[in-house]
Amino acid sequence: MIGLGAIAGVLVIGVIITAAIVLLSGEEDPTGKPGPLTVTATPSTSATAPAPGGLAADLFEGDWRFKLGDVSMNATYVAAQDYPDCGPIASAALEKKGCRYAAMGIHDAEGGKLRMLRVIYVFDSEAEATEAAESVEETDIDLPTGSLVADDVIGKWVAKDSGKAVVVGFVTAQKGVSEETVDDYLHYGTADIAGALIFMDL
């Protein structure tokens, strides 16, 4: 999807719960440099309610090109999928919190050394989404096969609420990719999707 670089003034309001994926990195501060993010955005989709099973095409299919001020990032499309219910990609605990349906997209960057997975979980209400974002744990996410880059040495994840949805981002990288680069893809990649969801009636 196209990055959020056109119209100023939209604040992505989200509870950010960030934690390092238990990989080889052993990092204890997964937020790293970026911190909370204020983004400018233009709606990349119409404001009509997508039917369950339509978010992958709207938000994930195609290469990812992002620009915000001096920040410019690109990633190559790998895969996307819609889920008419959350069971295949979430724990029973997350389903019990009101998760209705989901979608995910995978993109690669840094010459294939970095993989970015973003998962959208849609709930019945904003209150349910906020509560889920605040309490979600890594074990609540059933990662699809191929979600993580091979031979990764660092991995991080983050959860943001956006309206009735929770966006969970995972970024894994091989040796030679800096932690700052991982942080940037995690931070901006997740916020990009969260910002687009603001314009969608889920």
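Start with Trp64. Its relative accessibility is 0%, so Trp64 counts as buried. Keep in mind that this is a predicted model.

Now the rings. How many aromatic pairs does the structure hold? There are 4. One of them joins Trp64 and Tyr185. The centres sit 6.1 Å apart, with 50° between the planes, and that makes the pair tilted. Where are the two residues? Trp64 is in strand β2, residues 64–68, and Tyr185 is in helix α4, residues 179–198. The pair therefore ties together parts that are 121 residues apart in sequence. Tyr185 has 6% relative accessibility, so Tyr185 is buried as well, the cut-off being under 20%.

Next pair: Trp157 and Phe170. This one is stacked, at 5.9 Å centre to centre and 15° between the planes. Trp157 belongs to strand β6, residues 154–162, while Phe170 belongs to strand β7, residues 165–173. They are 13 residues apart, and the pair links distant parts of the chain. Buried or exposed, Trp157? Buried, because its relative accessibility is 4%. Phe170 is buried too, with a relative accessible area of 1%.

Back to Trp64 for a moment. Together with Phe66, Tyr185 and Tyr188, Trp64 forms one aromatic cluster.

Last stop, helix α3, residues 126–135. Which of its residues are buried? Ala129, Ala132 and Ala133. Look down the axis of α3: these buried residues fall within an arc of 100°, so they line one face of the helix.

Definitions and conventions. Residues are numbered from 1 along each chain as its sequence is written. This is a predicted model: local features need pLDDT of at least 70, side-chain atom pairs count only at pLDDT 80 or more; totals for chains, interfaces and linings use all residues. Side-chain values use heavy atoms; hydrogens and water are left out. Buried means under 20% relative accessible area, exposed over 50%, partly exposed in between (1.4 Å probe, protein chains only). Helices (H or I, at least four residues) and strands (E, at least two) are DSSP runs, numbered from the N terminus. The arc is that of the directions from the helix axis to the C-beta atoms. Rings of Phe, Tyr and Trp (its six-membered ring) pair if their centres lie within 6.5 Å; planes under 30 degrees apart count as stacked, over 60 as edge-to-face and the rest as tilted.
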